[in-house]
Amino acid sequence: MTLDPPISPGSTVREARETARRHARAMPVGFIVLGGSAAGVAIVALFVLLDYRFGQDAHRLVKILLGAGLLAGMVVWPRVGLFALPVLTPFLPWIPKVPIPGVNPVNLLLFSVFSFWAVSRVARGQWFFRRGPLDLLLSGLILMTGLAVLRGAAFPTGYRYDATDAGLQWFRTSMTFMCYFIGYAMTRGPKDRRMLSAAVVVGLAAEAIVTILYGRSGHAGRATGSFGQSNDLGAFLAIFTVFAAALVPGTRRLVGKLLITGAVVAGTVAVLFTVSRGAIAALGVGLLFVAFRSSRVLTFVVLAVLLTSPLWTPDYVKDRILHTQVESGDEDATTLESSSQLRIDTWRAILEVVTSHPLDGVGFAGLGYVLPETGTALGVEVKDSAHNTYLRFLGEMGIFGLAFFLWLLWKCLALARDAARRAASPFDRQLGVGLMGATLTLAACCAFGDRFFPIVITGNFWLLCALASDIVDESKGSAA
């Protein structure tokens, strides 16, 4: 008795593809046209039904159409979803909500993108996952924050702690780091790196244009863009404006240089519209670093822009930056401006909490419950969040949590440095330099607010870390 040889998944897919091609060749052209027309009529009928029968708004119909097109594109070519991700992420607040706790459309897009791609890899008999330089660190961070939720629920600090809400926040923040795992698994070679980098720049340009068109229409004359919050918007714009500036010297074609330069200029203007002091300072630090590491011409341009900034900076930005102190009463005394004083008092309250829980903290997302009571005990008004990522790690996860966060930032910087050193092309080198600048900008932004966990701010940052990991992995393969 003889057994038939096992059929490999790759051969099955090839046979199915050839069969489909034979049927397509035999199918009459008129039938194809008729089928396509019928599909188009069905789609139009569906939209008319949604519009007139269910009263859906026009913008919802457009979103449904775009979503359906993206889904169809992912079925044909799974990487379409990956390249769409950096463009869609900053516009998460505009995407219709998902009626599932802890889940948002970007999370669904992440899993859909990876699922379509993983299935296609398995069908070809290929493995769909690979280990990256940051895998253990990010997995450790997810585990540490999860344990911090259990710590807050099991050993309350004496104040209210909502474990369910903290668990949902933990799940959302964990999805932010999935951008790295999925991006690294799906990225292969220079072409993917260029396209994904271009998508990040497109996402920056789109958000900057929206911010400029909306203007300073938010609270106190500050721009909010699609984020709805000025400081978060400023952090996003600053991080990826710095990254885009690094790509200018690494792009060979003049058209590409001009387009990326336009995105940098738009991003800078949009940061000024937010009037976020932390974002403006972080942007300056990041641009200076990128300029010094890239070229003398770029260094001269950045220095010239910064030195002449008093001449061209809008008055509303100058007032925001310079007037951090105000006169107090009729005496020759000054006090901090209200928002600055509120932030300082919040940090004092956090340090008071740390003195009681220096090692274990109060649990992930626990400061929101502890701070009001601590502020009342100190006799000061405080904010409802840390407004400083370093102090948040210290207050919620203790000294070890803060040390872990600093170590992670250092490893991201080291990864970007290795990518710049091992790069085989000017573009890849500038990608590494841009990630170094973006990491420094993120670190600076974290000193002025909680800018590390939201996916709308750092989701694209982890995609860039995946690109740097691919450069390092490719260099090791070439050396071998």
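This note goes through the fold, the nonpolar core and a nonpolar surface patch of a predicted model.

1. **Overall make-up.** The chain has 480 residues, and 48% of them are buried. Its secondary structure consists of 19 helices and two strands.

2. **Contacts along the chain.** Take the contacts between residues at least 6 apart in sequence. Of these, 74% link residues at least 24 apart.

3. **The core.** The largest nonpolar core holds 121 residues. Leu134, Phe452, Phe461, Trp462 and Cys465 have the most contacts inside this core. Helix α17, residues 389-422, supplies the largest share, with 16 residues.

4. **Phe452 in detail.** Leave aside residues up to four places away in sequence. Phe452 then touches Leu141, Phe177, Thr389, Phe393, Phe405, Leu408, Leu442, Cys446, Thr458 and Trp462. Trp462, one of these partners, is also listed with Phe452 among the core residues with the most contacts.

5. **A nonpolar patch.** Val297, Phe300, Val301, Val305, Leu311 and Trp312 form a nonpolar surface patch of about 660 Å². Helices α12 (296-307) and α13 (309-312) each contribute at least two of the patch residues. The most come from α12, which gives four.

6. In soluble globular proteins, nonpolar side chains tend to be buried together.

Technical notes:
Residues numbered from 1 in each chain as written. Predicted model: local features only at pLDDT ≥ 70, side-chain atom pairs only at ≥ 80, totals over all residues. Heavy atoms only, no water. Core = buried A, V, L, I, M, F, W, Y, C linked by side-chain atoms within 4.5 Å. Buried < 20%, exposed > 50% of the residue type's maximum accessible area, 1.4 Å probe, protein only. Contact = heavy atoms within 4.5 Å. Patch = residues over 30% accessible without salt bridge, like charges linked within 9 Å, V, L, I, M, F, W, Y side chains within 5 Å. Areas by Shrake-Rupley, 256 points an atom, 1.4 Å probe, with all protein chains shown as cover. Salt bridge = Lys/Arg side-chain N within 4 Å of Asp/Glu carboxyl O.
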